[in-house]
Amino acid sequence: MLSLSIVFACSRVPADAVLSLPTYGPVKGTQYAGFANGTADGVNRLFYWFAECDCGNGPDVPFLLWLNGGPGASSLIGFLTEKLGPLSITLNSTLYDNPDRITKKYHLLVFDSPVGSGFSYSSASPPAYVHSEEQYRTQLVHAVRHFFKMHAEYSTNPFWVLGESYGGHYVPNVAWEIAVNATEIPLQGVAIGNGLFNMKLQYPTLGEVAFAAGVIDENVKAQMEARQDDCLAMIDKSPATAGAYCENATVYWLYSADGPAGKLFYYDVGIADGQYFDDITSSMSAFLNNPMTKAALHAEGGNWTEADETGPVGDALLADWTVPSDVVLAELLKRQLKVRLYNGVRDLSSCNHIGNLAVLLHLEWAGKADFAAAPSTPWPSGNKVDGHIRRAGLLEYATLIRTGHLVPTIVPEVFAALLEDFLR
């Protein structure tokens, strides 16, 4: 007969287990949440939320790390509002089962990062925000390793790094850090949606994509091209401040209420109510900052915040905007890792599909000529076209036709099918 101590040890619930949530009740499946150290001294603490695959934990179940961008955006946006996690949230701060969850087939781990985003915090005074991708990737991978020490049962699953938007900087760098300094993690590759990689290649496409979408005429296009030239000159002259300068001179000018294109939701011009995303963020804030929610998620001690490009996190990374991350993509390819990019074509921001293609065509790697010559074919078939895919060896690029910047939010079924294709 087993002793009581052995029975207790076998049935012990992990300290970071999420058992029940306000407005929802007992959770279904296995979920964990809490803080992992981003630095060896524990000064910087990164918040995570993990959901196990509905299928359980077999050795071949892909383990996906998802990172939202900003800088300053909380990755809980992806988990709760972009239809990735097992739960979604309504405008009145109520949780419900997400029928489009990608956790039907994959493990999902999200981190609020860098420090200062979402629940993540620094106990240093002043707060030790990150100022470079080197600092960011070191801290994030330190936290991922911390998670795997707590939950070693997932540490050998095939590992992918995913993200969107400014995740075009984060994702390649995190993957590179793993490939070089955390080789015990079985990294397979990266998948990035509507990413920002190289300002010099992407900002010159803003006028072109707006003109093609019909939101400006040829005269405004010429004005945009002059502003884009000013942006490129500023990148050379003052790279530490050019990110903010270029956004103000191009995107914010064009899409302001009194700008030539008017106040459009330029991240997806197919969406009439751009205010919805602000409203859902307010709903998330009310839910996540509820003391009962914080207790359930083991997130006591701080407030959840969401700041996209603004605030101290974005300010600390301002100089990082002009540091290209496409060179890191090339390094991943050289290390025989898979690189998958996707882009919703209704995005008229600097993360648009024309700019993303320009980035990929300029990558210096062994398959450069093959990718340039590769056809872009209807996907998933010529009879059912949700987008188009271009493939050359380890590099694949998909454009999706009924969505913009927030692909999994708008076309979750298409995103799920694309993800299965990418991770096959």
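A nonpolar core is here a set of buried Ala, Val, Leu, Ile, Met, Phe, Trp, Tyr and Cys residues joined through side-chain atoms within 4.5 Å, where buried means under 20% relative accessible area, exposed means over 50% and partly exposed lies in between (1.4 Å probe, protein chains only). The model is predicted, so local features need pLDDT of at least 70 and side-chain atom pairs count only at pLDDT 80 or more, whereas totals for chains, interfaces and linings use all residues. Residues are numbered from 1 along each chain as its sequence is written, and side-chain values use heavy atoms, with hydrogens and water left out.

The largest nonpolar core holds 80 residues, of which Leu65, Leu67, Phe111, Phe159 and Val161 touch the most other members. Helix H3 (residues 133-150) gives the most to this core, with seven residues; helices (H or I, at least four residues) and strands (E, at least two) are DSSP runs, numbered from the N terminus. A second, separate core of 47 residues includes Ala51, Leu80, Ala191 and Val407.

With contact taken as heavy atoms within 4.5 Å, and leaving aside neighbours within four places in sequence, the partners of Val161 include Leu65, Leu67, Val171, Ile178 and Ala191.

The 18 residues of H3 reach 26 Å from first C-alpha to last, close to the 26 Å expected at 1.5 Å a residue, the expected span being 1.5 Å times one less than the number of residues.

## Aromatic pairs

Rings of Phe, Tyr and Trp (its six-membered ring) pair if their centres lie within 6.5 Å, and planes under 30 degrees apart count as stacked, over 60 as edge-to-face and the rest as tilted. By this rule the count comes to 25 aromatic pairs. One of them is tilted, with Phe50 and Phe147 at 5.4 Å centre to centre and 50 degrees between the planes; this pair links strand S4 to helix H3 across 97 residues. Phe50 is buried at 0% relative accessibility, and Phe147 is buried with a relative accessible area of 0%. The rings of Phe265 and Phe277 are stacked, because their centres are 5.3 Å apart and their planes at 10 degrees.

## Cysteines

How many disulfides does a search of the whole structure find? There are two, a disulfide being a pair of cysteine sulfur atoms within 2.5 Å.

| Disulfide | S to S distance |
|---|---|
| Cys53 to Cys55 | 2.3 Å |
| Cys231 to Cys246 | 2.1 Å |

The torsion about the S-S bond of Cys53 and Cys55 is about 120 degrees, so this disulfide is right-handed. Cys53 is buried at 3%, whereas Cys55 is partly exposed at 49% relative accessibility. The torsion for Cys231 and Cys246 is about 100 degrees, so that disulfide is right-handed. Cys231 is buried, with a relative accessible area of 0%, and Cys246 is buried at 0% relative accessibility.
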